[in-house]
Amino acid sequence: MMAAAPHNPTGEYQPASTIGLPALYAWPPRPLAALRYLFFDMLFPWGYLYIGMAFISWHYLTPDLSEMTEFEAGWIAQIWLRNAALLSLVAGGLHWWLYMRRGQQRKYKYHDKWPATDSRMFLWGNQVRDNVFWSIVSGVSICTAYEVVTFWIYANGYVAIPSIAAQPIYFLVCLLGVFFWGNFHFYCVHRFMHWQPVYRIVHELHHRNVNTGPWTGIAMHPLEHVIYFSVFIPLWFLPVHPVIVVLLSLYMAIGPAPSHSGFNFLEIMGRRFFTGDWYHQLHHQYFNFNYGNVGAPVDRLFGSWHDGSRESLQAQKERLRKQRRQTA
Ligand SMILES: [Zn+2]
Ligand SMILES: [Zn+2]
């Protein structure tokens, strides 16, 4: 049976096809398609940008490990500034092009409205200012705190540093592992965030943004930041090269900027790049499914995968009704 046409409740842009499982998870296996997914679909262009930024950041924008054996304001501030500047560059750049300059007008925009400028839900009544505040003041600070502890552990030799030249395959596994671990961890903490008591106090702040923008990515309650950035904790025990630490930081802090951009594609000078994440966009519109990401499809295992079609939406609504009846 053909899948029904994709369904976008706000009536603006919707991708032509429904959201399928990546070829990496195909059964029987499709090795070439899986490799194409790994090195092209999953990483191009944003993953490669973060990998490039991680190398540059580690070599030129991060203090030397020998300076990080003691917690001192100077090097901690340098890492905070680096994170704030890189987030501002990506989220701010996307915001400038898509929302201030309106460089592609509404082309590929999921939602029919522009960000709210007079809503009492947001600080100062302004969605963008509210999002920038939570992202920089809380998000960047808590991400930096985890990164600082991680570097302090490595600087003191509590965890050994594997060399890239001696163990290139291990480095590549860690590099790709950042994306899978980040996505899997995100599913777990995000699913917890939707437990009603936690949702009401903590996660509701992020969900005020039904119509998301680049600055929405890590616009979260500080308690959510503490849990979300706990993604660093395995690196306190598992030896990785410091570039991996920086990559994880960039992927988790900056990655949500394009994926919340509100546009399916970014179009610059006639070229278009995948930008938005329709899967997560549907989560912002409906709340109770698509908790994770396509790249680590845990939703598929637990039946909370909405592929964007009307049929799938009906099936999800039925699943939720059943769940409510069982818990009533
Ligand atoms: Zn979100
Ligand atoms: Zn959520």
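Author: Helices here are DSSP runs of H or I with at least four residues, and strands are runs of E with at least two. The model under discussion is predicted.

Reader: Understood. How many helices and strands does the chain have?

Author: The chain holds 12 helices and 2 strands.

Reader: And in what order do the elements run from the N terminus?

Author: The order is α-α-α-α-α-α-α-α-α-β-β-α-α-α.

Reader: Turning to overall shape, what does the radius of gyration of the chain agree with?

Author: The radius of gyration is 20 Å, which agrees with a compact globule, because a globule of 328 residues would have a value near 20 Å. Along the principal axes, the C-alpha atoms fill a box of roughly 60 × 55 × 50 Å.

Reader: What share of the residues is buried?

Author: Buried residues account for 39% of the 328 in the chain.

Reader: What is Leu 250 in contact with, leaving aside neighbours within four places in sequence?

Author: Leu 250 is in contact with Tyr 50, Met 53, Ala 54 and Leu 86.

Reader: Across the chain, what percentage of contacts with a separation of 6 or more joins residues 24 or more positions apart?

Author: Such pairs make up 70% of those contacts.

Definitions and conventions. Residues numbered from 1 in each chain as written. Chains lettered and ligands numbered in written order. Predicted model: local features only at pLDDT ≥ 70, side-chain atom pairs only at ≥ 80, totals over all residues. Rg over C-alpha atoms; globule rule 2.2 N^0.38 Å. Buried ≥ 20, exposed ≤ 12 C-beta atoms within 10 Å, placed from the backbone. Contact = placed C-beta atoms within 7 Å.
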